[in-house]
Amino acid sequence: MRKNIVAGNWKMNTTLPEGLALAKGLNDALKNKTTNCDVIIGTPFTHLASVVAAIDTDKIGVAAENCADKEKGAYTGEVSAAMVASTGAKYVILGHSERRAYYHETPEILKTKVELALANGLTPIFCIGEVLAEREAGKHFEVVDEQIKGSLFNLSAEDFAKIILAYEPVWAIGTGKTATADQAEEIHAHIRATLAAQYGQEIADNCTILYGGSCNASNAKELFSKPDVDGGLIGGASLSVEKFLPIIEAFDK
Ligand code: PEP
């Protein structure tokens, strides 16, 4: 069966010493604890190798927040999937709405990034989600389907089975507005049906679909109790152990 996962996305926050302190703090908090979900932290590129070295990566997986759409070469400032993998990070967040909106990442670019991530042994955490106007126009189902088809449905079933999805309604990211648990379940179930139509029910049932968008200690339990919500991608509340730990504990019995 699919895994439950709580993943943090630090975005462009924390200096290296601050990030290391945060990672070590989480590591300490989880050291003697059995969690009912996998835990991942997504850190800036500059932190990856040091964070991997400082924590127990059997307990906490490490993710980059992006990688290049080119393999290597004269692309000043870019960081390749191979470079990310060489730090010991095992995951990469791709297609975050901030990357789509501010850095003009198209479905085609993201398709290449996913392929390069997989070719380098990284597990993509692939983000999808509609903006407010699309939700208000009732187009959210269509939007997520197009995002999935445009960047992922070229994959073989074997490769698709390695993908983690994160449904993140853009209107809920960093706004304090959360989708209700029923809204999340409705679209997660829709996404799973879209996956089943392409890859079959077994692969769809095994795909972890995270919810993201102002998820916090007070709403995590209700969101995660829904059958098609397999955990969360957490922005703001992943920046302190005090806020992140209770979200992980939302999976405790
Ligand atoms: C995110 O950016 O992935 C996110 C879900 O952010 P927040 O939790 O702050 O809304």
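**Ground rules**

The model is predicted, so local features need pLDDT of at least 70 and side-chain atom pairs count only at pLDDT 80 or more, while totals for chains, interfaces and linings use all residues. I number residues from 1 along each chain as its sequence is written, and side-chain values use heavy atoms, with hydrogens and water left out.

**Entry: the ligand**

I began with the ligand and asked which residues come nearest. There are 14 residues around the ligand, and K11, H96, E168, G174 and S214 come nearest; "near" here takes a heavy atom within 4 Å. I sorted the shell by type and got 4 nonpolar, 8 polar and 2 charged residues. For that sorting, Ala, Val, Leu, Ile, Met, Phe, Trp, Tyr, Cys and Pro are nonpolar, Asp, Glu, Lys and Arg are charged, and the others, Gly among them, are polar.

Next I looked up polar contacts (pairs of N or O atoms within 3.5 Å; within protein, one must be able to donate a hydrogen and the other to accept it, and residues adjacent in sequence count only if both atoms are side-chain atoms). The side chain of H96 has an N or O atom 2.7 Å from a ligand oxygen. E168 also uses its side chain, with a polar atom 2.6 Å from an oxygen of the ligand. With S214 it is a polar backbone atom that sits 2.7 Å from a ligand oxygen. How much of the ligand does the protein cover? On its own the ligand has 290 Å² of accessible area, and the protein covers 95% of it (Shrake-Rupley method, 1.4 Å probe; for residues, only the protein chains shown count as cover).

I stayed with S214 to check its backbone. Its phi is near 55 degrees, a positive value in a residue other than glycine. S214 is in the loop between β7 (209-212) and α11 (220-224); helices (H or I, at least four residues) and strands (E, at least two) are DSSP runs numbered from the N terminus. S214 counts as buried because its relative accessible area is 18%, and the cut-offs are under 20% for buried, over 50% for exposed and partly exposed in between (1.4 Å probe, protein chains only).

H104, not a glycine, has a positive phi of about 55 degrees. I found H104 in the loop between α4 and α5. Is H104 buried or exposed? At 59% relative accessibility, H104 is exposed.

**Entry: two cores**

I then went through the nonpolar cores (sets of buried Ala, Val, Leu, Ile, Met, Phe, Trp, Tyr and Cys residues joined through side-chain atoms within 4.5 Å). The largest has 70 residues, of which L165, I191, L195 and F224 touch the most other members. Helix α9 (residues 181-199) gives this core its largest share, 7 residues. Apart from it lies another core of 12 residues, including I5, C127, I164 and A166. In soluble globular proteins, nonpolar side chains tend to be buried together.

I listed the contacts of F224 (heavy atoms within 4.5 Å). Beyond four places in sequence, F224 is in contact with V6, C215, V229, G231, G232, I247, A250 and F251.

**Entry: two glutamates**

E105 is in the loop between α4 (97-102) and α5 (107-119). E105 counts as buried because its relative accessibility is 7%. Its side chain joins that of K113 in a polar contact of 2.7 Å. Leaving out neighbours within four places in sequence, I get contacts from E105 to N66, G95, R99, R100, L110 and K113.

E130 lies in the loop between β5 (123-128) and α6 (132-136). E130 is buried, at 0% relative accessibility. Which side chains does the side chain of E130 make polar contacts with? One is R135 at 2.9 Å, and another is W171, also at 2.9 Å. Among the residues that E130 touches is E168, which I had already noted at the ligand.

I163 is in the loop between α8 (157-160) and β6 (164-167), and at 3% relative accessibility I163 is buried.

G61 is in strand β3 (residues 60-64) and is buried at 11%. Not counting residues up to four places away in sequence, G61 touches V39, I40, I41 and Y91.
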